[in-house]
Amino acid sequence: MNKKNKKFISEWVIPIIVAIIVAVLINKFLIFNAYIPSESMVPTINKDDRLFISRIHNSKSVKRGDILLFKSEELEETLIKRVIGLPGDSITIDKGVVIINGEILEEDYVENNEFNYDGEFTVPIGKYFFLGDNRSNSKDSRFWINPYINFEDIEGKALIRVYPFKDFGKLQNKTNL
């Protein structure tokens with residue numbers, strides 16, 4: 001191999017290969033992007049938004065109010081919803097008002113809650129209960145045959161909206177309880 005080819009390989013080929021490997025590792029273990037195909041999280045997340053999702057590797061890092069991406073085996077699709085119920089929680093929904101362990105959950109991120117749903121749930125250990133912010137237009141735990149999601153099915157936490165660019169910024173991952 002001549003000197004010109006060695007220089008080309010060391011200056012171009014090797015850095016490109018290293019960059020590809022680093023990108024794959026970041027995507028596999030740290031952060032990935034997601035496209036939002038529905039309106040179930042409006043007004044927090046809109047249809048067609050693009051988000052950066054942080055991978056979650058520890059169940060202790062999941063907090064009430066986190067917006068998580070997870071696989072639903074029942075629906076055979078990947079969904080994005082807000083964690084409402086943690087393992088061991090007792091949840092009552094009375095005419096759309098969410099009560100967790102006897103305390104009313106203040107949800108300033110919910111704007112469309114015209115659906116007067118009533119139900120009671122007890123979240124099993126190792127599982128989570130999810131609701132969409134757009135309660136009147138969300139296929140969420142209230143309606144599933146098995147309303148709970150295993151920690152192993154959680155793919156990551158929504159951190160930042162990256163598209164549309166005018167709405168770029170950190171997402172509201174919190175509740176008032």
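Biologist: In what order do the four strands of the open sheet come, and is the pairing parallel or antiparallel?

Modeller: The order is β7-β6-β5-β8, and the strands of this open sheet pair in an antiparallel way. Before we go on, bear in mind that this is a predicted model, so to speak of local features takes pLDDT of at least 70 and side-chain atom pairs count only at pLDDT 80 or more, while totals for chains, interfaces and linings use all residues. Residues are numbered from 1 along each chain as its sequence is written, and side-chain values use heavy atoms, with hydrogens and water left out.

Back to the sheet. Strands here are DSSP runs of E with at least two residues, and helices are runs of H or I with at least four, numbered from the N terminus; two strands pair if DSSP finds at least two bridges between them. At the edges sit β7 (103-104) and β8 (119-122), and each of these pairs on one side only. Zoom in on β5 (residues 90-94) and β6 (residues 97-100): four bridges join these antiparallel strands. Asp 94 stands opposite Val 97 in β6.

In the loop between β5 and β6 you'll find Lys 95. Its phi is near 55 degrees, a positive value in a residue other than glycine. Lys 95 is exposed, at 55% relative accessible area (buried is under 20%, exposed over 50%, partly exposed in between, with a 1.4 Å probe and protein chains only).

Asp 48 belongs to the loop between β1 and β2, and with a relative accessible area of 35% it is partly exposed.

Now for the rings. The count comes to six aromatic pairs (rings of Phe, Tyr and Trp, the last by its six-membered ring, with centres within 6.5 Å; planes under 30 degrees apart are stacked, over 60 edge-to-face, the rest tilted). One of them joins Phe 70 and Trp 144 edge-to-face, 6.1 Å centre to centre with 70 degrees between the planes. Phe 70 is in strand β3 (residues 67-72) and Trp 144 in the loop between β9 (127-131) and β10 (149-150), so this pair ties together parts that are 74 residues apart in sequence. Phe 70 and Trp 144 are both buried. Ring pairs also bring in Phe 130, giving a cluster of Phe 70, Phe 130 and Trp 144.

Charges over rings turn up as well (NZ of Lys or CZ of Arg within 6 Å of the ring centre and within 35 degrees of the ring normal). Arg 82 puts its charged end over the ring of Tyr 109, 3.7 Å from the centre. Arg 142 lies over the face of Tyr 117, 5.8 Å from the ring centre.

Last stop, helix α1 (residues 3-29), which holds Ile 21. Ile 21 counts as partly exposed, with 47% relative accessibility.
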